[in-house]
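Reader: I would like to learn how to read a protein model feature by feature. Could we go through one together, slowly?

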Amino acid sequence: MEDILYFLQQVINGLTIGSTYALIAIGYTMVYGIIGMINFAHGEIYMIGTYVTFIVIAALGMLGIANPFFLMAAALLVAVLVSCAYGFAVERVAYRPVRGSKRLIALISAIGMSIFLQNYMRLAQGSRDMAISSLIPGGWEFGLESFAVNLSYMQVIIFSVTLVCMLLLSSFISRSRLGRACRACSQDAGMARLLGINTDMIISMTFVIGAALAAVAGLLLGMYYGVVNPYIGFLAGLKAFTAAVLGGIGSIPGAMLGGLLLGVAEALTGGYLSTEYKDVVAFGLLILILLFRPSGILGKPEVEKI
Amino acid sequence: MADTHDNQVCDKQVHDRQGLDKAAPATSSHRQARAEGRAPLLDVCDLTMQFGGLKAVDGVTLQVHPGEVVSVIGPNGAGKTTVFNCISGFYQPTGGEVYFQNRAMHRLPGYRIAQAGMVRTFQNVRLFKEMTVIENLLVAQHMHAERNLLKGLFKTPGYRRSEKALMQHAGDWLERVGLLEFANREAGNLAYGQQRRLEIARCMVARPRLLMLDEPAAGLNPNETRDLDDLIVSLTRDEGISVLLIEHDMSLVMGISDHIYVVNQGQPLADGSPEDIRRNDAVIKAYLGEE
């Protein structure tokens, strides 16, 4: 019985982290779906989202506002807006000028952008960890006396916010006109343009949506861990990229699934093996997927691209 | 420098034609319009496209008048598709000018050209294969639709109404090309001939003034080609649009064209009515080789 509860606890922890991987992974997958390139500056957008969250919460806290839900809502709004602006700017500065040239050039440009943003944050906010105290502490415990499964309120918030974001995004993509135009662009941008769709606008929108979701992930994970530094974007970005590839890059449901799977795989490794092996397992998975099923779980086999 | 000079000539002609347009009686047919040198719908002047050292298109000039079917023919590799690509904004031409309804098109991005009323197909089928048939037609109406994000998110009554109008329009065209029963099928799963018809319907729901078809009969059997012939004629007759056509099927070209331009090795070789072209020695030579 305790074994089962222990397993359950790992799964809950894994799904928590996995949800945020999924949110970030969507940004990778959407951008790839439309322009066929990996936005390596995406992890930094997540990092910026976390910083903005911390700054807003600290600033409002100093003004004497203590209601955690108001703080969270305000931080969410500001973090999303700021990150959207960064996402938009990244596309304009690092991608649009080199679009149409070789893939490698855009890749290097994006890596440059990533290094720039990381160091810019280091200069602006300092390279040390910043911390905030937990806004929404506590949770539920259930199980046996010898082992209780812990489900914190924050974890529940992470699941529900992620779920809402996913539902909003899915209905936007599948039902709205802009979503339809977005899908058309990802299938054949040249044709979409000749049918009167402003593909540049759609590409910008894709970056902005990805940035907004990364900011949501930044807020959630920031509040969950309570710590931020300018380097968190790198690893989170790599993990989310792995999640996107795992689920099938270019596929939005794939990114969601890949994120959750990766989170659970990591948590199980941490729970049964050793937390030190978490990253080994995550990137081992990436290598295995690339070797045996490069199109990912939900992706369609495709010879071109990558 | 030579290009610039020619362009100025082009400009002047356009202005002159505008003046003539006002004076001409509204009732005259398009054949008369061509004879009288009235304002064309599409006016391509001295179009040039250079890829590195290769001049794929060199000084092609052509006009399409309202209600006409105009064909561009020529041997394989003559540069016909490149001409299409330049006119539709798929490429930026390296020289020359394109006027559509007296507005300069040659520096505009492709989506603006489509919005101006020029829509095209490609030689190969380029449907959005993973979207349904009806979605393909809805996407093509994107530029005519309300795109306000908030209205879309909250599904205001106005948004619903306009979405219904798009649906209706798409449905009408599906019925017209005989694909209504496949509306919710994935476009990639249609038979080849059906995909070609869907492409034309997709162009038409975008409400163009000029429809550009790049080898629409390629891969069709004789029956389907005849249907296509009827469809194109009915488009010009009932919808009042003009058609610019690239085609190898000579019986189709000769049957429906009002005017034909012949391109060879990127350069204009001849132009005239189907009768003129049939008898033109240079054209026969280009197609059959010297005897």
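Reader: In which helix is the place of Leu123(A)?

Author: Before answering, please note that this is a predicted model, in which local features need pLDDT of at least 70 and side-chain atom pairs count only at pLDDT 80 or more, while totals for chains, interfaces and linings use all residues. Residues are numbered from 1 along each chain as its sequence is written, chains are lettered from A and ligands numbered from 1 in the order in which they are written, and side-chain values use heavy atoms, with hydrogens and water left out. Helices (H or I, at least four residues) and strands (E, at least two) are DSSP runs, numbered from the N terminus. Leu123(A) has its place in helix α4 of chain A, which covers residues 103-125.

Reader: Is Leu123(A) buried or exposed?

Author: Buried means under 20% relative accessible area, exposed over 50%, and partly exposed in between, with a 1.4 Å probe and protein chains only. With a relative accessible area of 79%, Leu123(A) is exposed.

Reader: And is Gln194(B) buried or exposed?

Author: Gln194(B), whose place is in helix α8 (residues 192-205) of chain B, has a relative accessible area of 18% and is therefore buried. Contact means heavy atoms within 4.5 Å, and, leaving aside neighbours within four places in sequence, Gln194(B) is in contact with Leu179(B) and Phe182(B).

Reader: How do strands of a sheet pair, parallel or antiparallel?

Author: Two strands are taken to pair if DSSP finds at least two bridges between them. In chain B, an open sheet of six strands has the order β6-β7-β8-β3-β9-β10, with mixed pairing. Because β6 (118-120) and β10 (267-272) of chain B stand at the edges with a single partner strand each, one side of each is left without a neighbour in the sheet.

Reader: Which bridges join the strands β6(B) and β7(B)?

Author: Three bridges join β6(B) to β7(B), and these strands run parallel; Arg120(B) has Met212(B) as its bridge partner in β7(B). The pairing of β7(B) with β8(B) is also in the parallel sense, over five bridges, and there Leu211(B) has Val243(B) as its bridge partner in β8(B). Strand β3 (residues 69-73) and strand β8 (residues 242-246) of chain B pair in the parallel sense over four bridges, with Val72(B) opposite Ile246(B).

Reader: Which helix packs on the sheet and touches β3, β6, β7 and β8 of chain B?

Author: That is helix α3 (residues 80-87) of chain B, whose direction makes about 140° with that of β8(B). Such angles run from 0 to 180 degrees between N-to-C directions, the axes being lines fitted to C-alpha atoms, for helices over the stretch in contact. Helix α9 (residues 222-239) of chain B also packs on the sheet, touching β3, β7 and β8 of chain B, and its direction makes about 150° with that of β8(B).

Reader: How many residues of β7(B) are buried?

Author: In a regular strand the side chains alternate between the two faces of the sheet. Five of the five residues of β7(B) are buried, so this strand is largely enclosed by the rest of the structure. Leu210(B), Met212(B) and Asp214(B) lie on one side and Leu211(B) and Leu213(B) on the other, so that both faces of β7(B) are covered by the rest of the structure.
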